[in-house]
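Hi,

Here is the structure I promised to pass on. Have a look, and my notes on its aromatic rings follow below.

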Amino acid sequence: MGKFPTSFRSAVGSAQLKLSSPLVQAESQSPIPNNRPSKSRPSARTTRKPNDSTEPTKSPAPFKSPNLSDAKNLFNTIITTARSPLDQRFHNSLLQSYASISTINDSISLLRHMSKTHPSFSPDRSTYHILLIQSCKASDSSLAPVHQTLNLMVNDGSNPDKVTTDIAVRALCSVGRIEDAIEVVKELSLKHAVPDTFTYNFLVRQLCKFRTLSTVYDFIYEMRTEFSVKPDLVTYTILIDNVCNSKNLREATRLLGVLAEEGFKPDCFLYNTIMKGYCMVSKGSEAIGVYNKMKENGIEPDLVTYNTLIFGLSKSGRAKEARKYLSIMAEMGHFPDVVTYTSLMNGLCREGDALGAFALLEEMEDKGCSPNSCTYNTLLYGFCKSRFLEKGIELYRSMKEGGMQLETAAYAAFVRTLCRHGKIAEAYEVFDYAVESKSLTDVVAFSTLEVTLKGLKKATEQSHVM
């Protein structure tokens with residue numbers, strides 16, 4: 001109960017910064033703990049466009065053995081038996097197939113053999129990018145294989161470009177080598193090509209996920225001063241989302257000031273990100289302040305804005321005020337969806353108004369908005385907390401008929417309420433359904449029931465003693 005709805009978008013670590021950086025702050029920041037990768041869906045604004053139009057297509061892998069001699073013999077057989085000319089993509093597919101099971105040195109040897117045996121095949125950047133990905137993921141923890149591949153590219157006349165930088169960064173980050181990715185970006189920026197905004201912001205996002213905030217700021221400062229790569233609106237959105245997720249709203253406010261100094265105007269997405277941060281700490285008044293600010297600046301709120309605002313107000317105990325925004329958002333052409341209604345129901349249930357939440361269920365259905373499993377679990381939890389057991393049982397039956405899963409909080413509240421009313425058999429039936437529907441694991445479902453029964457037994461014994 002009270003978790004931030006998953007449909008809310010996310011914009012998506014401690015040496016002190018140099019004072020000349022526009023991102024520097026007066027006081028040092030506390031390190032942000034390493035986080036697991038976010039499950040939230042990435043923003044369309046930060047999605048990377050295809051890296052290389054000449055990227056090889058997948059083909060059946062002909063190489064079954066990493067043995068170099070066997071690979072050369074197989075290639076020779078393919079060349080001599082081919083009935084039609086073999087194009088660049090085919091050769092790249094063959095190399096990619098072998099690179100997936102071989103060492104980087106053997107892959108380079110096979111490439112040289114392919115070029116020598118079949119002179120019409122001339123490796124291009126896409127060919128070397130296959131080797132680059134392999135070298136980035138090599139078991140060698142040093143950057144020697146990466147440098148080997150990059151040097152091979154240069155010596156053969158295919159200088160690394162922005163796509164090369166992007167491929168190296170993403171391949172290194174995919175195996176957790178973020179520091180190596182930073183080093184490669186600096187080297188390529190110095191010698192060949194600075195990263196484009198997609199690669200730059202991708203690396204900033206990775207740093208925000210797994211490193212301290214000061215490390216992120218150091219990287220941004222160095223790229224700006226050494227290579228003239230400046231953060232853009234997406235960069236600031238990533239940073240603000242990161243500090244908001246860490247509930248560091250003071251830093252989020254400071255970054256907004258830096259954003260303005262840099263000449264960027266916050267968009268709806270960024271305002272939603274900041275509003276989400278306030279909602280996470282149940283600061284409804286501040287969330288309304290963000291809403292009013294975006295309206296003053298001529299930014300039109302979207303459905304996410306209203307859903308976030310209603311969630312924040314409901315979470316901070318202001319469900320009645322949140323309900324007023326249902327009509328406001330409809331007037332603006334953004335009709336409440338299942339997230340809107342479920343958030344408001346959650347708030348009403350928190351305030352003990354389960355019947356008011358139930359009335360919202362009827363309202364949303366009348367307006368053609370179908371409730372989901374989260375909606376029913378929210379109401380079931382609310383009925384149990386407000387001691388409307390019969391309505392809870394009725395709702396549970398509807399959930400069971402619809403094959404809906406029980407959430408942990410709703411299940412625990414329902415089982416406890418049943419046991420307190422002496423409906424032990426019914427509690428066991430709910431336990432069976434929770435297990436059969438795979439709502440909870442056997443251990444979690446049983447332990448919840450066991451703790452409830454033990455507590456009930458202890459309370460009964462104490463009442464008899466008295």
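Let me start with a cluster: Tyr 291, Tyr 306 and Tyr 325 form one aromatic cluster. For pairing, rings of Phe, Tyr and Trp (its six-membered ring) need centres within 6.5 Å; planes under 30 degrees apart are stacked, over 60 edge-to-face, and the rest tilted.

Before you read on, this is a predicted model, where local features need pLDDT of at least 70, side-chain atom pairs count only at pLDDT 80 or more, and totals for chains, interfaces and linings use all residues. Residues are numbered from 1 along each chain as its sequence is written, and side-chain values use heavy atoms, with hydrogens and water left out.

The structure has ten aromatic pairs. One of them is Phe 358 with Phe 383, a tilted pair at 5.8 Å centre to centre with 55 degrees between the planes. Phe 358 sits in helix α17 (residues 354-366) and Phe 383 in helix α18 (residues 373-385), so this pair ties together parts 25 residues apart in sequence. Helices here are DSSP runs (H or I, at least four residues), numbered from the N terminus.

Phe 383 is buried, at 1% relative accessible area, while Phe 358 is partly exposed at 25%. Buried means under 20%, exposed over 50%, and partly exposed in between (1.4 Å probe, protein chains only).

Two charges also sit over rings, meaning NZ of Lys or CZ of Arg is within 6 Å of the ring centre and within 35 degrees of the ring normal. Lys 391 lies over the face of Phe 358, 5.3 Å from the ring centre, and Arg 170 lies over Phe 202 at 4.3 Å.

Cheers

Note on methods: Helices (H or I, at least four residues) and strands (E, at least two) are DSSP runs, numbered from the N terminus.
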